[in-house]
Amino acid sequence: SIFRIPMVYFFSWMAYYPFIIETTDFFGHDIFNGTSNSADEEGHKRYMKGVSFGMLTIGVSSALVLLYAPFQGILVKYIGMKWTYASSQIIEAFCLLCVFFVTNKYALLVIFLPLGISLSIFNSIPFAVVGLNVPKETMGIYMGVLNCFLVAGQQLTNFILTSGVG
């Protein structure tokens with residue numbers, strides 16, 4: 001479990017990180033059909049409305065985490081860590097795949113809401129699993145290594161996005 005958790009954590013962050021940095025631009029360009037070029041005044045206004053809506057989407061998703069957080073312990077106790085973590089990955093995959101098929105801004109707002117819950121789950125359970133499986137004396141080392149997998153996932157995603165591959 002100590003090896004499997006960081007690998008899943010790495011891929012979770014690889015998938016989620018673009019949502020954090022690309023959501024506002026996605027709404028501005030793809031949903032509101034705007035342009036970030038300020039020379040096209042009407043297109044720029046649509047783009048800025050999309051960016052604002054993207055920020056609202058991220059904010060509402062984060063607010064949902066605030067409402068969900070007290071119940072995560074109950075969920076883990078009821079279905080277990082493994083199934084809770086698996087459900088977070090299924091939620092994340094479903095929500096992120098919907099961007100290819102859904103173009104309605106309000107539908108996307110609703111679809112993106114559970115991403116906050118998924119983030120809450122896949123950011124806490126890996127650390128809990130490591131904490132339960134390693135000696136207290138080495139826990140800091142393992143937590144640091146787990147955090148390195150988070151950063152590596154983010155950096156690989158950054159490289160893919162900025163190189164034009166993604």
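Predicted model: local features only at pLDDT ≥ 70, side-chain atom pairs only at ≥ 80, totals over all residues.
Helix 3 spans residues 81-97 and holds 17 residues. Its first and last C-alpha atoms lie 24 Å apart, close to the 24 Å expected at 1.5 Å a residue. Six positions were examined for burial: Thr-84, Tyr-85, Ser-88, Glu-92, Cys-95 and Leu-96 are buried. Viewed down the axis of helix 3, the buried residues fall within an arc of 100 degrees, so they line one face of the helix. An α-helix has 3.6 residues a turn, so residues three or four places apart point the same way. Lys-82, Trp-83, Ile-90 and Phe-94 sit on the other side of helix 3 and are exposed.

Ser-88 belongs to the buried set of helix 3. Its relative accessibility is 0%. Because this value is under 20%, Ser-88 counts as buried. A polar atom of the Ser-88 side chain lies 2.6 Å from the backbone oxygen of Tyr-85. Tyr-85 is itself among the buried residues of helix 3. Beyond neighbours within four places in sequence, Ser-88 is in contact with Ser-118, Ile-121 and Phe-122.

Phe-112 lies in helix 4. Phe-112 has a relative accessible area of 1% and is therefore buried. With neighbours within four places in sequence set aside, the contacts of Phe-112 are Phe-19, Phe-26, Phe-27, Thr-57, Ser-61, Cys-95 and Val-99. Cys-95, one of these partners, is also one of the buried residues of helix 3. Val-99 and Phe-112 are 13 residues apart along the chain. Their C-alpha atoms are separated by 9.4 Å.

The salt-bridge count comes to 1. The pair is Glu-41 and Lys-45, with the closest N and O atoms 3.8 Å apart. This distance is within the 4 Å cut-off, so the pair qualifies as a salt bridge. Glu-41 and Lys-45 both lie in helix 2. They are 4 residues apart, about one turn of the helix. Glu-41 has 53% relative accessibility and counts as exposed. Lys-45, at 47%, counts as partly exposed.

Note on methods: Residues numbered from 1 in each chain as written. Heavy atoms only, no water. Helix = DSSP H or I, 4+ residues; strand = E, 2+ residues; numbered from the N terminus. Expected span 1.5 Å × (residues − 1). Buried < 20%, exposed > 50% of the residue type's maximum accessible area, 1.4 Å probe, protein only. Arc of directions from axis to C-beta. Contact = heavy atoms within 4.5 Å. Salt bridge = Lys/Arg side-chain N within 4 Å of Asp/Glu carboxyl O. Polar contact = N/O pair within 3.5 Å; in protein donor to acceptor, adjacent residues only side chain to side chain.
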